[in-house]
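Biologist: I am new to this structure. Please show me how to read its features, one by one.

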Amino acid sequence: MIGHPPGEPRRVAYLFVLPAFLVYAAFLLYPIGRAVHLSLYDWDGLSLGRWVGLANYAAIVADEGLRAAFGHALVLMAFYALAPLAIGLTLAAILNHAKVRGLGFFRTVVFLPQVVAMVVVAVAWRRVYAPDGTLNDLLGAVGLDSLTRGWLGDYTFALPAVGVVGTWFETGLVTVLLLAGMSRVPTELYEAARLDGASALREFFAVTLPSVRGEIAVALTLTVIAALRTFDLVYITTRGGPGDSTSVPSYEIYHRAFGLGQVGSAAAIGVTLTVAIFAISFVINRFADRGMS
């Protein structure tokens with residue numbers, strides 16, 4: 001006798017996925033729904049909340065400080081995503097094209113920052129940027145004393161200084177992803193390009209770059225999300241200062257919820273940030289899918 005095929009009847013199949021769905025709902029869907037609910041109230045976390053509708057979301061648009069925080073997140077995206085992509089593409093192309101001996105060693109070295117906790121990274125770089133830190137010592141040693149400053153206390157340079165840490169942290173991940181993609185490119189494509197007289201630069205743009213479009217999309221998705229949810233680095237190095245010059249949405253969520261007692265406002269920022277992450281990830285993957293099709 002032939003039994004039912006796997007998955008029949010359907011209710012049996014649903015029973016198999018039910019435990020995973022319950023865990024997913026408990027740890028992701030319920031917190032998101034609860035955050036949306038809280039964002040509609042003016043609540044300090046202790047007393048009775050007051051229904052305010054979409055006022056917390058309107059405040060995100062009207063509040064200059066909150067608009068600046070989202071603007072800072074966009075600036076960090078350039079440091080966390082675009083700069084590592086440019087550096088990673090260059091490094092991966094050189095390492096892959098030159099067939100460097102000991103490639104595994106180089107791959108480990110560039111990936112090393114990813115295995116270090118961000119708190120440790122932040123503490124180390126805070127020391128580098130200190131007025132008597134390593135960076136100012138190096139500038140003084142080469143006669144550039146006029147450029148020395150307390151980098152994390154400077155209104156102009158504090159945000160770029162935090163961004164450089166993000167570039168250093170994410171470059172290894174992007175390079176390893178792109179190296180993996182480039183290693184799968186058929187050598188016949190490069191041989192055909194060379195027979196046509198293509199230079200190394202022409203090979204890169206005609207063969208390598210289109211072949212790693214999927215890896216670029218993955219790298220951009222991961223690094224953009226990392227930029228938008230940056231909290232620990234800002235908290236350890238600047239705490240949003242000087243002034244609000246390095247404040248970002250994720251830090252504002254913490255500051256408003258636990259510092260100012262504005263839980264509803266913090267929830268609205270969190271929901272807005274989540275929507276922004278979904279939207280940007282969707283756009284990146286749509287472009288990548290369209291290019292590959």
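Modeller: Start with a polar contact: a pair of N or O atoms within 3.5 Å. Within protein, one must be able to donate a hydrogen and the other to accept it, and residues adjacent in sequence count only if both atoms are side-chain atoms. Here, a polar side-chain atom of Thr223 lies 3.3 Å from the backbone oxygen of Leu220. The model is predicted, so local features need pLDDT of at least 70 and side-chain atom pairs count only at pLDDT 80 or more, while totals for chains, interfaces and linings use all residues. Residues are numbered from 1 along each chain as its sequence is written, and side-chain values use heavy atoms, with hydrogens and water left out.

Biologist: Is Thr223 buried or exposed?

Modeller: Buried means under 20% relative accessible area, exposed over 50%, partly exposed in between (1.4 Å probe, protein chains only). Thr223 has 0%, so Thr223 is buried. Thr223 is in helix α10 (residues 213-228). Helices are DSSP runs of H or I with at least four residues, numbered from the N terminus.

Biologist: Which residues does Thr223 touch, not counting those up to four places away in sequence?

Modeller: Contact means heavy atoms within 4.5 Å. Thr223 touches Tyr80, Ala81, Glu170 and Val174.

Biologist: How do I read an aromatic pair?

Modeller: Use the distance of the centres and the angle of the planes. Rings of Phe, Tyr and Trp (its six-membered ring) pair if their centres lie within 6.5 Å; planes under 30 degrees apart are stacked, over 60 edge-to-face, the rest tilted. The whole structure holds twelve aromatic pairs. One of them, Trp125 with Tyr129, is tilted, at 5.5 Å centre to centre and 45° between the planes.

Biologist: Why are Trp125 and Tyr129 separated by about one helical turn?

Modeller: Because they are four residues apart in helix α5 (residues 118-129). Trp125 is buried at 18%, and Tyr129 is buried at 6%. The pair of Phe231 and Tyr235 is stacked, because the planes are at 25°, with centres 5.5 Å apart. Phe231 is partly exposed at 25%, and Tyr235 is partly exposed at 22%.

Biologist: Which residues form one aromatic cluster with Phe231 and Tyr235?

Modeller: Tyr251, Tyr254 and Phe258.

Biologist: And packed helices?

Modeller: Read the angle between their axes and the distance between the axes. Axes are lines fitted to C-alpha atoms, for helices over the stretch in contact; angles run from 0 to 180 degrees between N-to-C directions. Helices α3 (residues 64-98) and α9 (residues 200-211) pack at about 105°, with axes 12 Å apart. That makes α3 roughly perpendicular to α9. Angles of 65 to 115 degrees count as roughly perpendicular, under 35 as roughly parallel, over 145 as roughly antiparallel and the rest as oblique.

Terms used: Helices (H or I, at least four residues) and strands (E, at least two) are DSSP runs, numbered from the N terminus.
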